[in-house]
Amino acid sequence: MRRVSRLLCICAVAACVVSGCGILPTEEEFDAAPLVKEYDGGNTGKYTVVRGDMVQTESIAAQYQGTKKVDLTGADGGSRIKKICVTKGQKVKKGDVLVEEYLEDEEEALKSDKRQIESLQLQIDQARQMKKRELEQLDRTGGSKEEKDNVKTQYDAQIKNCESTLQLTKLDIKELEETIRGASMVSTISGKVIFVDHSFEGGYANEENTLVTVQAAKKNRFRCQTEYADYFKNGQEVIVTVLGQQYKTKVKKEKGNLLYFYPKQALSLKNSVTGTVDLILKEKKDVLSVPTALIFDMGGKKVVYVEGKNGVKETREVTTGVQIQNQIEITGGLKENEQILTN
């Protein structure tokens, strides 16, 4: 009996030893808090939760339209100037001819063609008159039908030949006039002529010689064409920034994506200088927010990592709101100035 009792005691001790060595399985246990791992606080970054505004902006370019001026000069290599067709103070429209250049061969050909037109027209009129007279003469003298047909055939062929040549000559004239017109210098804007130099008439002018200057009607506005046009309203006040200087303007919307920003005062900016308008696309004021990279999905919940007791890294559930770019609003689970772990 003693031997049996001793054997049972030995078995019990052996079982305890084996269990302590991890050979026998034990029941898995979970802590109440979701512990992740221990960490070295000195090597772990922290982010302080702050309260502030979340803003997403877009910078839009706007070009200033002031008083536009266009200088008309000679061509590179020189242009022979026939005539300057405007005077100082004259109002012109876009496309009006300001300066005519010499195209001697084309102009001589044009004169010749016009003389030929007059000659052909005269020949046609004479042939018709002669045809009429001869037919009348045959009627009076009792000419035969064959004689009359011969007269008609003769003059009709002559008239047809002249008319064919006439049409070809008219086409030639049209081409020459287009060529000469293409050599004319025209105004690219509507406005007033503020400078003319007639001294170049009959001579040559190159690209350094200003012949005529046209000034458009004065404008004082910024022009903008943008896909964000729907974010603006007529009469809305916006700030246009040019070279660090800010100008208050009012919006005027046009068709499509075209906008104009009208300053409240006259500006002394160079024409075509570019400014910017900062447009707020999305905004949430006075909220707690953290970078979206510090929010994790875990079991259908959103969590952040925080420092727990005894230097243990643990998770905490949070609720979130609006996301703007790389920041997300925190609506619950964290307080202002509280710190969360970044790694």
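The model described here is predicted. Just after helix H2, glycine 142 takes a positive phi of about 75 degrees.

Helix H2 itself covers residues 104-141, which makes 38 residues, and from its first C-alpha to its last it reaches 55 Å, close to the 56 Å expected at 1.5 Å a residue. Its buried residues include Leu110, Asp113, Ile117, Leu120, Ile124 and Ala127. An α-helix has 3.6 residues a turn, so residues three or four places apart point the same way.

In soluble globular proteins, nonpolar side chains tend to be buried together. The largest nonpolar core of this model has 18 residues, and Phe222, Phe232, Leu259 and Phe261 are those with the most contacts inside it. Strands E3 (50-65), E12, E13, E14 (245-253), E15 and E16 (274-291) each supply at least two residues of this core.

## Aromatic rings and charges

The structure holds five aromatic pairs. In one of them, phenylalanine 232 and phenylalanine 261 lie 5.7 Å apart from centre to centre, with 55 degrees between their planes, and the pair is tilted. Phenylalanine 232 belongs to the loop between strand E12 (221-225) and strand E13 (237-242), while phenylalanine 261 belongs to strand E15 (residues 258-263), so the pair ties together parts that are 29 residues apart in sequence. Both phenylalanine 232 and phenylalanine 261 are buried.

Charged side chains also lie over rings in this model: arginine 221 is over the face of tyrosine 260, at 3.9 Å from the ring centre, and lysine 313 is over the face of tyrosine 305, at 4.7 Å from the ring centre.

Strands of a sheet pair through backbone hydrogen bonds, either parallel or antiparallel. Here, four strands form an open sheet in the order E4-E11-E9-E6, and their pairing is antiparallel. Strand E4 (69-73) and strand E6 (91-92) stand at the edges, and each has a single partner strand, so one side of each is left without a neighbour in the sheet.

Strand E9 (residues 191-196) and strand E11 (residues 210-216) run antiparallel and are joined by five bridges. For glycine 191, the bridge partner in E11 is alanine 216.

Note on methods. Residues are numbered from 1 along each chain as its sequence is written. This is a predicted model: local features need pLDDT of at least 70, side-chain atom pairs count only at pLDDT 80 or more; totals for chains, interfaces and linings use all residues. Side-chain values use heavy atoms; hydrogens and water are left out. Rings of Phe, Tyr and Trp (its six-membered ring) pair if their centres lie within 6.5 Å; planes under 30 degrees apart count as stacked, over 60 as edge-to-face and the rest as tilted. Buried means under 20% relative accessible area, exposed over 50%, partly exposed in between (1.4 Å probe, protein chains only). A charge sits over a ring if NZ of Lys or CZ of Arg is within 6 Å of the ring centre and within 35 degrees of the ring normal. The expected span of a helix is 1.5 Å times one less than its number of residues. A nonpolar core is a set of buried Ala, Val, Leu, Ile, Met, Phe, Trp, Tyr and Cys residues joined through side-chain atoms within 4.5 Å. Two strands pair if DSSP finds at least two bridges between them.
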